Amino acid sequence: MGKYSQQSIEQLGISQLNRNLWDIEKSISCYFSENDKTPLLDGKILTYTSEKHSNATLDKSIPVQIKSTMNKNVKKNHKFYQLTRENLSGIAKLGGALLFVVWINDENISEVFYQNLTPIYIHKLLSKTNAKKASNSFDFIS
């Protein structure tokens, strides 16, 4: 298969993430933007206390950052290097976010990884290095 544009990779990633979260759709609603130009965040997940999604059953809103990549290092080592110190610091100032990294290969096979980027986690991550881009490890969503 030919090379994908970055926009195509991002759209494939958002579609895959939506499919992976489908199983828990009864308790959440996802709002992810494609071609998003909003700084730092790509959407949110609303959680509910019951299957009835209403203002009365709304539990919380979780800010989300989504990164899609074809980098084999994500699949092999669960490492992702595309968040700059500036991005991480900005996410910390906003109170944190749930980061999803969607790995896609040429055969359109994908896996989704995540990391809860709390301000404390970000501070520890940035204090370990002076590199412009900090390494980040992830848990796996099957």
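Predicted model: local features only at pLDDT ≥ 70, side-chain atom pairs only at ≥ 80, totals over all residues.
## Ground rules

Local features are described where pLDDT is at least 70, and side-chain atom pairs count only at pLDDT 80 or more, while totals for chains, interfaces and linings use all residues. Residues are numbered from 1 along each chain as its sequence is written, and side-chain values use heavy atoms, with hydrogens and water left out.

## Helix α4

Let's start with α4, residues 119–127; helices here are DSSP runs of H or I with at least four residues, strands are runs of E with at least two, and both are numbered from the N terminus. I122, L125 and L126 are buried in α4, meaning under 20% relative accessible area, with exposed being over 50% and partly exposed in between (1.4 Å probe, protein chains only). Because these buried residues fall within an arc of 90° seen down the axis of α4, they line one face of the helix; the arc is that of the directions from the helix axis to the C-beta atoms. Turned away from that buried side are the exposed I120, H123, K124 and S127.

Next come β5 and β6, an antiparallel pair with eight bridges (strands pair if DSSP finds at least two bridges between them). V102 stands opposite V112 in β6. Five residues separate the strands of this hairpin, and N108 takes a positive phi near 65°. Six of the eight residues of β6 are buried.

## Nonpolar cores

A nonpolar core is a set of buried Ala, Val, Leu, Ile, Met, Phe, Trp, Tyr and Cys residues joined through side-chain atoms within 4.5 Å. The largest has 15 residues, of which V74, L83, L88, V101, L117 and I122 touch the most other members. Two or more residues each come from α3 (85–93), β5 (97–104), β6 (110–117) and α4, and β5 gives the largest share, four residues. Another core, of 14 residues, lies apart from it and includes I28, V64, F100 and I104.
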